[in-house]
Structures are given as C-alpha cells and as structure tokens.
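Keep it short and plain.

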Amino acid sequence: MVDALNIKKDISSLNKRILHLIKKHPKLSKEKGLQIFHVFILSMEEETSEENYKSGKFLYALSPSYRKYYQNLLYKKKYINTYTVYIADSTGNLLATADPRFIYIYHIHSVADIEITKMFHRKKVDFLFYKNRTSLGTLFAIKGNDVFIIKRLKEGIVKYTLEEYVDCHYNELIFPFTAKETPLQ
C-alpha cells in the first residue's frame with residue numbers, strides 16, 4: 001500500500017521528525033530499540049458502493065492527506081496526516097503516542113491502543129489507516145493481500161473481515177450524515 005500511494009518519502013520525513021522529538025524527550029531518549037507505528041488518514045473524494053468495498057476496489061480511490069504543523073513560531077512544515085503514531089519499546093509495549101508537534105505519554109493507555117500496538121509488533125498488520133468520512137474508531141487494516149476492519153471500542157478492539165463488516169455496517173463506512181442533516185439533530 002505504501003508503494004501504491006507513493007508515500008515512502010513522506011513516511012521517512014515523518015519518522016525523522018518523530019525521532020527528533022524522541023531524542024529531545026528525557027525518558028524516551030534513553031530507551032533502546034524503539035519502534036514507530038503509524039495509523040494514516042487517507043482520503044477518498046467520492047463514496048463507493050458496497051461491492052467496491054467488498055472487492056477491495058475502493059483501495060485504488062484512496063489518496064494520502066497532509067497537514068501543516070508549526071515547528072516553531074515562524075516555520076511550518078507539511079507532513080503526511082496520521083490518526084496517531086504509536087511509539088513502543090522493543091517488546092511491543094506502548095510507551096507513547098505522537099504527532100509531528102509533540103510526544104504524548106499517558107500513565108494509562110486505552111486498551112484499544114495497546115492492542116493495536118501489539119498487532120503491529122507481532123506483524124499481524126502491515127498497514128493501518130483511517131478513511132476520511134468514516135465513523136471514528138473504524139480502521140482499515142492490511143496484511144499481505146487481506147483487508148480487514150478493526151473497530152476501536154472502550155473495551156479493546158474487534159476485528160472483522162471486510163465483507164462481514166460491509167454487510168452489517170456499510171452505513172459506518174460512508175459519511176454518516178448529509179449536508180441537510182447535522183449531528184445535533
């Protein structure tokens with residue numbers, strides 16, 4: 001997927017920024033064997049049919065999104081947009097999350113974040129992304145040629161096959177409301 005989206009340089013640039021932040025961090029700078037895992041935000045201009053989701057054709061309509069971050073008061077740099085960046089130790093334990101501005105260390109991480117980090121560490125997922133206009137907490141995962149859905153819940157994650165999820169929850173894969181409806185109605 002990285003090759004198809006042509007984002008190797010973008011990931012490299014983001015990783016350099018995250019590594020710079022890690023080097024400056026008093027705790028993480030002392031850690032050995034840190035791993036960085038990304039959950040990207042990808043965009044799709046137009047929604048697609050249930051059949052295109054089930055067949056995986058929707059993947060060809062995705063494109064990366066970018067966001068500009070201030071690195072100081074005057075300098076703004078564009079990075080590939082991420083839902084989150086996980087920073088784990090060499091055994092896959094989640095230590096922090098990050099974006100191009102800051103590293104966030106929480107004393108208690110969500111169960112879903114811990115489980116997703118372990119999936120990356122155990123190589124059960126190659127690429128993970130959130131698609132714009134999809135309900136929050138719905139992530140697309142790719143392992144080899146397989147595409148599946150990971151649903152983030154308070155209690156952890158639930159994994160669905162793509163076909164199973166589309167059959168039951170197609171409405172959560174598309175923009176959840178029209179311009180006439182607002183979330184407050």
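Which residue follows α4 and has a positive phi? K123 follows α4, and its phi is positive, near 60°.

## About the model

This is a predicted model, in which local features need pLDDT of at least 70, side-chain atom pairs count only at pLDDT 80 or more, and totals for chains, interfaces and linings use all residues. Residues are numbered from 1 along each chain as its sequence is written, and side-chain values use heavy atoms, with hydrogens and water left out.

Helices (H or I, at least four residues) and strands (E, at least two) are DSSP runs, numbered from the N terminus. Buried means under 20% relative accessible area, exposed means over 50%, and partly exposed lies in between (1.4 Å probe, protein chains only).

The largest nonpolar core holds 35 residues. A nonpolar core is a set of buried Ala, Val, Leu, Ile, Met, Phe, Trp, Tyr and Cys residues joined through side-chain atoms within 4.5 Å. Y53, F58 and F140 are among the residues with the most contacts inside the largest core. F58 touches residues including M44, Y53, F129 and L162, leaving out residues up to four places away in sequence. Contact here means heavy atoms within 4.5 Å.

A second, separate core has 16 residues, including F120 and L139. F120 is also one of the buried residues of helix α4 (residues 111-121).

Strand β6 (residues 94-98) is mostly covered: five of its five residues are buried. β6 pairs with strand β5 (residues 82-88) in the antiparallel sense, over four bridges. Two strands pair if DSSP finds at least two bridges between them. V85 has A98 as its bridge partner in β6. Five residues lie between the strands of this hairpin, where G92 takes a positive phi near 90°.

On to the next strand. β6 and β7 (residues 103-104) run antiparallel, joined by two bridges. A98 has I103 as its bridge partner in β7. Four residues link β6 to β7 in a hairpin.

## Q35 in strand β1

Q35 sits in strand β1 (residues 35-44). Q35 is buried, at 18% relative accessible area. Its side chain makes a polar contact with the side chain of H121 (3.1 Å). A polar contact is a pair of N or O atoms within 3.5 Å; within protein, one must be able to donate a hydrogen and the other to accept it, and residues adjacent in sequence count only if both atoms are side-chain atoms.
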